[in-house]
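Colleague: Hey, I'm new to this one. Can you walk me through it?

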Amino acid sequence: MFLAQRRLCSLGSRAKSLKTICSSKILGFATSANMAFKFKNAKRIEGLDSNVWIEFTKLAADPSVVNLGQGLPDISPPTYVKEELSKAALTDHLNQYTRGFGHPSLVKALSCLYEKFYQKQIDPNKEILVTVGAYGSLFNAIQGLIDPGDEVIIMVPFYDCYEPMVRMARATPVFIPLRSKPTSGTKWSSSDWTFERQELESKFSSKTKAIILNTPHNPMGKVYTKEELQVIADLCIKHDTLCISDEVYEWLVYTGNKHLKIATFPGMWERTITIGSAGKTFSVTGWKLGWTIGPNHLIKHLQTVQQNTVYTCATPLQEALAQAFWIDIKRVDDPECYFNSLPKELEVKRDRMVHLLESVGLRPIVPDGGYFIIADVSSLDADLSDMKSDEPYDYKFVKWMTKNKKLSAIPVSAFCDTESKSQFEKFVRFCFIKKDSTLDAAAEIIRAWNSQKS
Amino acid sequence: MLRRAAAISVHLVGPFWGRKAGASLTRCLHQTLTMAKQLPARRLDGIDHNPWVEFIKLSNEYDVVNLGQGFPDFSPPDFAVKAFQQATSGDFMLNQYTMAFGYPPLTKLLASFFGKLLGQELDPFKNVLVTVGAYGALFTAFQALVDKGDEVIIIEPAFDCYEPMTLMAGGRPVFVSLKPNPAPKGQLDTSSDWQLDPTELASKFTSRTKALVLNTPNNPLGKVFSKAELELVAGLCQQHDTVCIADEVYQWLVYDGHQHVSIASLPGMWGRTLTIGSAGKSFSATGWKVGWVLGPDNIMKHLRTVHQNSVFHCPTQAQAAVAQCFEQEQQHFGQPSSYFLQFPQAMQLNRDHMIHSLQSVGLKPLTPQGSYFLIVDISDFKSTMPSLPGAVDEPYDRRFAKWMIKNKVGSSTGCILVKVSIFFSRPHQKDFDHYLRFCFVKDEATLQAMDERLQKWKAELQP
């Protein structure tokens with residue numbers, strides 16, 4: 001993601017150099033309408049202008065391309081969820097502002113649902129905040145709690161917004177890569193990837209304000225184990241650090257795995273912010289509703305950010321979400337509950353993707369959770385000589401694959417910091433929360449590819 | 001302030017606890033332990049207080065006639081309701097992400113609709129950004145442009161979020177007041193009587209001035225800046241190379257034949273103006289939280305960077321509904337059937353009704369040229385109503401507002417209003433503690449309920 005900036009950086013990404021360039025541009029313009037100097041961006045967004053999604057969504061927008069890139073379901077949300085939104089659209093008072101920190105019926109539903117999982121009472125007004133997607137929760141948390149000069153530990157690969165959000169807060173991201181245990185012959189699983197305990201410990205310093213945890217993990221699908229979470233918790237407590245836990249895929253966990261909330265570990269409730277997503281829970285990414293749960297002494301700061309950024313989220317969507325939650329809260333242990341039925345449905349698709357990728361000689365990393373799967377594509381030996389030479393291998397591969405094979409994916413090095421890109425640049429991420437016909441089309445492309453090779 | 005003691009006790013406690021989550025003693029102790037490190041982030045210094053929190057709490061505590069907060073208590077127009085219904089029951093893919101900078105049919109319509117009004121060829125991608133309400137647009141603009149130490153000129157009275165947003169971006173708010181001039185003899189006081197002193201305004205610009213926030217029609221006064229006033233502001237912005245952040249959410253709500261003029265349409269201003277609009281205020285659907293910014297690409301690109309690192313996308317279906325609303329309006333624009341004509345016509349009647357009612361009980365409303373609001377001067381009552389609730393040293397407007405909330409007549413409840421002092425910077429609040437803001441974008445029934453109470457209180461309000 002930052003290779004685009006590298007080119008800018010070669011001119012000197014320091015504000016001073018850019019100022020010089022801008023000033024010299026001014027001398028060339030006579031009219032007052034072209035004042036470039038003061039219209040320069042604020043320092044907080046320096047170098048944060050490029051974005052992998054903007055770039056790759058454009059590429060995949062061609063309707064003839066089978067899109068396994070962006071994490072967007074092309075399956076329908078469940079009927080009752082759509083119905084609740086239709087109902088909300090007919091309810092007059094829902095067309096006006098609601099409570100800024102979260103629509104009352106929604107925060108009540110979230111409180112009721114999560115009390116079961118946290119095994120404690122959660123105050124709907126003081127310990128919950130509804131945000132513009134989980135993305136908004138991440139933003140509120142980082143803006144509310146992280147200061148310039150603070151360090152924030154991020155495990156690589158990472159959902160790409162963590163780094164720019166930390167930088168926008170003028171803080172320093174400190175990276176630690178997930179590393180694979182040696183495996184041979186057997187299936188490669190996301191559980192084979194973990195952090196080295198001593199390496200993680202070494203990343204903590206007196207400046208460490210927070211660690212960002214993402215479980216289940218995007219893009220790898222890793223579901224952190226109790227032991228791994230305990231190590232992280234111990235370090236957070238030892239170093240008096242916050243934990244921002246991105247758990248948007250919390251329901252999407254496959255057989256043999258269990259999602260655990262680090263906030264429920266001893267000593268962790270008071271220092272953990274846990275983030276969830278309506279988009280990922282109910283397959284409604286376009287509703288852009290998320291939430292944060294945590295102790296009031298942390299949530300209140302995210303609420304302050306909220307009242308100075310968007311103030312409130314859309315009312316009818318929040319009401320519909322609340323009603324959808326009430327339906328599933330009543331049957332949370334039943335197989336028909338969407339929190340149980342969706343992972344079952346996706347496990348089948350996951351297994352299909354694994355089989356498909358293996359059939360072309362790729363070695364995918366079988367995810368324990370989430371709706372992505374990554375695979376090392378270098379064995380396909382694609383001829384990428386036409387592609388731009390200064391981009392990482394996976395960027396070139398995805399662009400080549402989109403153009404020549406009409407199949408899109410996302411390069412995993414987009415989820416890496418500059419130093420770690422080379423470790424992951426042979427990997428490409430595929431999204432499998434797609435209808436069968438989409439996966440069929442992908443299968444056809446991959447089979448044809450395979451037969452071309454032989 | 002680092003609480004070292006807390007840090008030490010956390011360190012000692014940690015290893016003693018077993019790994020069993022859920023032990024009740026563990027939970028009990030955890031509740032009392034807090035982090036020793038600096039919290040919150042310093043960018044939140046001084047901006048944690050919000051006047052609406054107290055206001056909303058009061059309006060929920062008491063079953064009052066709500067003339068305070070700026071939202072309609074009637075339905076959006078039929079075509080808007082239909083548009084939202086269609087957006088939420090149509091193509092199921094509208095339940096998924098759309099383009100980050102705006103749902104394409106919406107940005108296309110905004111570009112063509114406002115391009116005509118502003119006299120510019122607008123590109124839907126380069127010149128338009130859809131945001132989470134106009135509130136989100138304002139935040140995005142401040143974050144994109146304001147650096148530590150930059151100055152932002154705010155014309156008071158101002159919508160209360162401009163100051164904290166400036167502070168959160170590390171900027172320094174510089175205030176300049178609109179001041180009431182007495183109306184010509186025999187004429188009613190109107191919002192046009194509140195004016196800027198040109199010399200004073202000019203003196204506020206320095207080499208550090210990054211932006212000026214212009215809100216027209218103005219909340220809370222209802223002032224619609226005239227072309228001449230805008231030219232004054234425009235001239236200074238150009239002279240001092242300043243960006244103008246133009247908050248025009250009430251642009252359709254202008255009365256008595258006044259014209260809303262967008263400062264971006266003045267010569268030399270398109271290249272340095274960000275024009276902010278609101279679907280909530282345009283279509284009486286504040287709960288949809290859809291807003292937009294229009295501006296030149298070289299500035300908008302910075303807003304796009306902030307947007308992609310803060311919310312990234314806005315909800316799809318609400319945008320689809322707004323797109324349909326604009327499509328409808330585009331067909332009827334300029335004709336009697338246009339909502340942007342019918343709505344202000346209806347609100348002018350509400351405004352006049354409210355003004356009449358207030359005057360009939362001896363209150364002094366300021367006739368607004370535009371917006372949702374009017375303000376009422378309550379200074380006359382300082383001497384006649386000494387027995388207001390609250391402490392003696394509490395600001396007058398706060399005590400008067402409390403009286404209006406709590407003053408029941410029989411079983412009827414009171415009215416809730418907003419103190420105009422919240423729209424002034426702290427140092428100036430005491431000079432403007434004798435005004436209350438009324439919202440007249442309310443149902444007929446609400447206005448009648450207000451009439452009832454005013455009439456019943458007439459006796460108490462008279463000397």
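Modeller: One term before we start: helices (H or I, at least four residues) and strands (E, at least two) are DSSP runs, numbered from the N terminus. This is a predicted model, so local features need pLDDT of at least 70 and side-chain atom pairs count only at pLDDT 80 or more, while totals for chains, interfaces and linings use all residues. Residues are numbered from 1 along each chain as its sequence is written, chains are lettered from A and ligands numbered from 1 in the order in which they are written, and side-chain values use heavy atoms, leaving out hydrogens and water.

Colleague: OK. Where does P219(A) lie?

Modeller: In the loop of chain A between β7 (208-214) and α9 (226-238). A cis peptide bond joins P219(A) to N218(A), with omega about 10°.

Colleague: And what joins N219(B) and P220(B)?

Modeller: A cis peptide bond, with omega about 15°. P220(B) is in the loop between β7 (209-215) and α9 (227-239) of chain B.

Colleague: New topic: how many residues does the contact take from chain B and from chain A?

Modeller: Chain B gives 99 residues and chain A gives 92, where contact means heavy atoms within 4.5 Å. The area buried between them is about 8,000 Å², and carbon and sulfur atoms give 56% of that. Buried area is the accessible area (1.4 Å probe) that two parts lose on being put together, summed over both.

Colleague: How many salt bridges are there between chain B and chain A?

Modeller: The count is 2, taking a salt bridge as a side-chain nitrogen of Lys or Arg within 4 Å of a carboxyl oxygen of Asp or Glu. R42(B) and D147(A) meet in a salt bridge at 3.8 Å, N to O.

Colleague: What's the salt bridge count over all chains?

Modeller: It comes to 37. E163(A) and R167(A) meet in a salt bridge too, 2.8 Å from N to O. They are 4 residues apart in helix α7 (residues 162-168) of chain A, so about one helical turn separates them.

Colleague: Last one: at what angle do α3 and α14 of chain A pack?

Modeller: About 20°, with the axes of α3 (residues 52-60) and α14 (residues 393-405) 10 Å apart. Axes are lines fitted to C-alpha atoms, for helices over the stretch in contact, and angles run from 0 to 180 degrees between N-to-C directions. α3(A) and α14(A) are therefore roughly parallel, as angles under 35 degrees count that way. Among the residues making the contact are F56(A) of α3(A) and Y395(A) of α14(A).

Methods:
Angles under 35 degrees count as roughly parallel, over 145 as roughly antiparallel, 65 to 115 as roughly perpendicular and the rest as oblique.
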